[in-house]
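Please keep the sequence and the model in view while reading.

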Amino acid sequence: MSGDERRAIVAGEGPLADAVAAAIAKVGFPVEQAGRDLPGTAAVDLVVALPITDIRTDDFATLAEDAWIDLAERPMDEVRHLLATLSPRMREPGGALLIALPNIGMLGVAGTAAQTMAAEGIRTLAKAVAKAWRPRGLRVNCAMLSAAQLAAADADVARAIAGIATASAGADFAATGNSILIDGEQTSV
C-alpha cells in the first residue's frame, strides 16, 4: 500500500449502511457512501456492499414480474455493476470487498424465493470473483446476517460487519471467497 490515505466506500442505503459507515469511520478509514455508482476515481482499499437490506415474504407464484425483477434481478445486477466498476480501482495488493447478505438462502425461508435467488446468486458470484482477483492480492468475502439483524440495523451488527471488513483490508489478510456467518449461530454449514 502506498503512503496514500486509506479509503473506504459503503455501497448501500438505509440505516444499516449508515451504521456500517459510522463504524468503519471509527476505526480510522475515511468513508464515503454510494449507491450504484462509486464516487471519485481514487484507489479504494475497502468496499462494503449491502445489496439486500430488507426481507419481503411473498408467494413467488403470484409475484408480479416487475416485483420479481426488483427483488431477484436488481440486487444481482447492482453487485455485478459494482464489481465491474470496482475492479480497476481496488488498491493492489490489500484491497477488500465485503458483501453483507441475508442468510435466507442458507436457511430456506418460506416466501423469500426471489430474494433468496438474489442472495445466493451474489454469494456465488463473490466466490468466483474472489478466485479471479486473488492473484492481484484482493479479497472478496460475504458476511451472512439473519433477517432480524438486517431489520434491526443495530450498532452490534454494524460493528461486526465493520470489524470483518476492516480486518480484511490489508496486504497481510489472506482469506477470500468465504461466507462469514455473523447471524447469531442460526446457520451452520
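## The largest cavity

Arg56, Asp58, Asp59, Phe60, Leu63, Leu71, Gly111, Thr112, Ala113, Ala114 and Gln115 line the largest cavity. The structure is a predicted model, and the values in this report are computed from it. Helix α4 gives three residues to this lining, the largest share. Sorted by class, the lining of the largest cavity holds five nonpolar, three polar and three charged residues.

The space inside the largest cavity is about 50 Å³. How many cavities of 30 Å³ or more does a search of the whole structure find? The search finds one.

## The largest pocket

The largest pocket has a volume of about 270 Å³. Its lining is made of 13 residues, and Gly12, Gly35, Arg36, Leu50 and Glu78 are the closest to the centre of the pocket.

Histidine 81 is a residue of helix α2. Setting aside residues up to four places away in sequence, histidine 81 touches Arg36 and Asp37. Histidine 81 counts as buried because its relative accessibility is 19%, and the cut-off for buried is under 20%.

## Overall build

The protein contains six helices and six strands. Read from the N terminus, the order of these elements is β-α-β-β-α-β-α-α-β-α-α-β. The C-alpha trace spans about 55 × 30 × 30 Å along its principal axes.

How does the radius of gyration of the protein compare with that of a compact globule of 189 residues? Such a globule would have a value near 16 Å, and the protein has 16 Å, so the two agree. Of the 189 residues, 48% are buried. Among contacts with a separation of 6 or more, 78% are between residues 24 or more positions apart.

## Nonpolar cores

The largest nonpolar core consists of 28 residues, and Val47, Leu86, Leu97, Ile99 and Trp133 have the most contacts inside it. Six elements, β1 (8–11), β3 (46–49), α2, β4 (96–102), α4 (113–133) and β5 (139–145), each supply at least two residues of this core. Helix α4 supplies seven residues, the largest share of this core. Apart from this core there is another one, with 27 residues, including Ala8, Leu16, Ala17 and Ile24.

Valine 47 is one of the residues with the most contacts inside the largest core. Which residues are in contact with valine 47, leaving aside neighbours within four places in sequence? They are Ile9, Leu82, Leu86, Met90, Ala96, Leu97 and Leu98.

## Strand β6

Strand β6 runs over residues 179–181 and includes isoleucine 180. Not counting residues up to four places away in sequence, isoleucine 180 touches Asn141, Cys142, Ala143, Met144 and Ile164. For isoleucine 180 and methionine 144, the distance in sequence is 36 residues, while the C-alpha to C-alpha distance is 5.9 Å.

Is isoleucine 180 buried or partly exposed? Isoleucine 180 has 26% relative accessibility and therefore counts as partly exposed, since buried means under 20% and exposed means over 50%.

## Two backbone details

Most residues other than glycine have a negative phi, and most peptide bonds are trans. Two places in this model can be read against that background.

The peptide bond from glutamate 92 to proline 93 is cis, and its omega is near -15 degrees. Proline 93 sits in the loop between α2 and β4.

Alanine 153 is not a glycine, yet its phi is positive, at about 50 degrees. Alanine 153 is found in the loop between α5 (147–152) and α6 (155–168). Is alanine 153 buried or exposed? Alanine 153 counts as buried because its relative accessibility is 14%.

Definitions and conventions. Residues numbered from 1 in each chain as written. Predicted model: local features only at pLDDT ≥ 70, side-chain atom pairs only at ≥ 80, totals over all residues. Heavy atoms only, no water. 1 Å grid on protein atoms, 1.4 Å probe; cavity = no way out; pocket = protein on both sides within 12 Å on 5 of 7 lines; lining within 4 Å. Points joined across faces, edges and corners; volume = space filled by probe spheres on them. Core = buried A, V, L, I, M, F, W, Y, C linked by side-chain atoms within 4.5 Å. Buried < 20%, exposed > 50% of the residue type's maximum accessible area, 1.4 Å probe, protein only. Helix = DSSP H or I, 4+ residues; strand = E, 2+ residues; numbered from the N terminus. Contact = heavy atoms within 4.5 Å. Rg over C-alpha atoms; globule rule 2.2 N^0.38 Å. Nonpolar A, V, L, I, M, F, W, Y, C, P; charged D, E, K, R; others polar.
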